[in-house]
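This report describes a two-chain model, taking the chains in turn and then the interface between them.

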Amino acid sequence: MSRLDLDLLDRDGALAEASDGVSRAGFLAGAATGTAGLLALAADAGAAPLRRSDAEVLNYALSLEYLQAAFYTEAERSKALSKKAAQAARTVGAVERAHVKAFRALLGRRAIARPRFDFQGVTEDSDDFLKTAVAFEDLAVAAYKGQAANIRSDSVLASAIGIHTVEARHAAWMRYLNGVQPAQSAFDEPQTRKQIDRVVEATGFLSAAPRTSARRSPRYTG
Amino acid sequence: MTRWKAIGGGLLAGAAIGAGAVALAGSGSESPGGAEASRAGADLPAAPRPALAIPKPEGLAREADLTRWAPLRRATAARAMPSRSGRVLARLAVRTPEGTAHPLPVLGRRADERGRLWLRVALPVLPNGTHGWVPRRAVGGYELVRHRLVVDLDELELTLLERGKPVLSAPVGIGEGRWPTPRGRFIVRNRLERYESPQYGPVAFGTSARSATLTDWPAGGFVGIHGTDQPEILPGKVSHGCIRLRNADILRLARLMPVGTPVLVR
């Protein structure tokens with residue numbers, strides 16, 4: 001299959017990787033250059049003040065992107081996953097980090113701070129990683145869908161839909177790696193913010209910063 | 001033609017639908033319903049421009065100087081092997097004697113026979129340099145550090161590196177001959193400030209290094225890195241094992257060095 005054919009039908013490089021062994025991350029990087037440039041131009045040309053309600057939705061999306069980016073990045077750093085799982089972590093992690101970067105750039109000072117996470121070892125075991133990845137991707141897909149109707153700006157909605165479909169591809173990929181049917185139902189249900197928050201809280205993955213300093217007289221050897 | 005090529009061809013054809021539909025509508029050779037559908041499509045507005053500029057996905061940067069530590073989440077026994085039957089090397093408390101989180105440098109990982117994950121960590125016990133295994137679930141989330149502190153006992157100099165590049169150097173006081181500053185690899189465990197002990201200067205860092213001679217020192221004889229009220233005697237072999245800096249230097253260090261920084265005393 002020629003590179004041209006792949007570029008047309010294989011937007012995220014999965015087939016390129018399968019057919020000629022080109023690293024998925026590398027292929028993505030090359031293929032994305034043009035698109036990223038166009039999007040940047042579009043964003044600059046059509047920049048409009050962000051509505052407060054849209055900023056709130058974007059921050060909500062950013063919180064999920066933080067979660068995903070941290071999850072895949074830690075998984076990649078763990079160097080403990082099987083080849084396929086590690087490859088997925090590397091590729092999807094790069095995309096989620098790009099999402100975070102874009103959200104933070106658009107929100108500017110209004111961007112929420114990066115939370116801390118404790119993934120409790122699920123990034124260090126291939127089975128646990130894949131199961132959690134399926135849950136996270138399905139969650140993101142449902143969350144984006146759940147907020148679509150709340151977005152007022154057409155340009156923000158266009159971006160959200162663009163990311164939503166990418167998350168859906170990730171969900172299908174992770175499901176495939178996990179031995180789960182990628183597309184089981186004819187209709188995907190959206191989830192409200194409350195429902196999503198409940199799921200995220202239940203994971204216990206959000207953590208507080210460890211206390212590392214104190215106001216106390218030292219008792220070191222001196 | 002492969003299945004994928006066929007789909008690719010379909011996508012190409014789809015891209016030309018707009019122009020093709022107009023041509024077909026004008027030809028009069030299509031059914032009325034088809035022409036109507038084409039006209040409806042032609043009236044649709046252009047897709048809005050996305051608000052977000054999604055950058056190119058990038059792989060992780062070179063991370064040779066990245067180290068990890070994790071705070072202890074619950075009291076646990078550190079064992080000689082990654083197994084519940086392993087010999088207990090130390091019992092670790094959730095808090096340091098200073099009341100801060102107990103950081104453990106993470107050196108490795110292994111699953112036991114039941115698939116439970118264990119972490120190999122450096123222990124704050126004597127002899128210095130002791131490593132042991134703790135259950136993964138006993139520690140919290142990983143913290144990352146891109147700094148490294150090197151204390152050269154022969155040169156009486158401390159150097160802080162960030163991403164492998166020196167960002168601060170300063171002369172130091174170290175332990176006298178009878179209370180030597182221990183050599184080895186350690187971690188900065190905590191940071192104390194706003195206390196009323198001028199002999200420690202304005203800021204003090206605790207390390208996981210322990211004096212092998214002052215074992216009965218309060219709180220276990222941990223070696224600190226701190227300021228002083230006797231700057232005139234630095235550099236030199238002047239302390240009970242701690243690493244002393246002039247106050248201006250410890251303040252500079254405090255601005256740059258995070259807790260969790262690995263320390264090499266050589």
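The sections below cover the basis of the model, each chain, the nonpolar cores and the contacts between the chains.

## Basis

The model is predicted: local features need pLDDT of at least 70, side-chain atom pairs count only at pLDDT 80 or more, and totals for chains, interfaces and linings use all residues. Residues are numbered from 1 along each chain as its sequence is written, while chains are lettered from A and ligands numbered from 1 in the order in which they are written.

## Chain A

Chain A has eight helices and three strands (DSSP runs numbered from the N terminus, H or I of at least four residues for helices and E of at least two for strands). Their order from the N terminus is α-α-α-α-α-β-α-α-α-β-β.

Of its 222 residues, 44% are buried (20 or more other C-beta atoms within 10 Å of the residue's own, with C-beta atoms placed from the backbone). Two residues are in contact if their C-beta atoms, placed from the backbone, lie within 7 Å. Among contacts in chain A between residues at least 6 apart in sequence, 74% join residues at least 24 apart.

## Nonpolar cores

A nonpolar core is a set of buried Ala, Val, Leu, Ile, Met, Phe, Trp, Tyr and Cys residues joined through C-beta atoms within 7 Å. The largest has 52 residues, and A:Ala61, A:Ala89, A:Phe103 and A:Phe129 touch the most other members. Two or more residues come from each of α4, α5, α6 (126-147) and α7 of chain A, and α4(A) gives the most, with 12 residues. A second, separate core of 45 residues includes B:Leu72, B:Leu104, B:Val151 and B:Val203.

Leaving aside neighbours within four places in sequence, the contacts of A:Phe129 are A:Ala75, A:Leu81, A:Ala85, A:Ala89, A:Val122 and A:Thr123.

## Chain B

Chain B has four helices and 17 strands, and 36% of its 266 residues count as buried. An automatic or database domain assignment supplies the domain bounds: domain 1 is 67-144 and domain 2 is 145-265. The centres of these two domains of chain B, taken over C-alpha atoms, are separated by 24 Å. Contacts link 15 residues of domain 1 of chain B to 18 residues of domain 2 of chain B. On the domain 1 side, β1 (67-71), β4 (103-111) and β7 (143-145) of chain B each supply at least two residues.

Strands pair if DSSP finds at least two bridges between them. β1(B) and β4(B) are antiparallel, with three bridges, and B:Trp69 has B:Pro105 in β4(B) as its bridge partner. β4(B) is also antiparallel to β5 (residues 117-122) of chain B, with five bridges; here B:Ala111 is partnered by B:Leu117. Five residues lie between the strands of this β4(B)-β5(B) hairpin, where B:Gly115 takes a positive phi near 85 degrees.

## Interface between the chains

Across the interface, 61 residues of chain A are in contact with 61 residues of chain B. Elements of chain A that each supply at least two residues to its side are α1 (3-9), α3 (24-45), α4 (52-78), α5 (83-107), β1 (116-117), α7 (154-177) and β3 (213-214). That side of chain A has 30 nonpolar, 16 polar and 15 charged residues (Ala, Val, Leu, Ile, Met, Phe, Trp, Tyr, Cys and Pro are nonpolar, Asp, Glu, Lys and Arg charged, and the others, Gly among them, polar).

Strand pairing also crosses between the chains: β3(A) runs parallel to β12 (residues 184-193) of chain B, joined by two bridges. The bridge partner of A:Ser213 in β12(B) is B:Arg191.

Notes
Buried ≥ 20, exposed ≤ 12 C-beta atoms within 10 Å, placed from the backbone.
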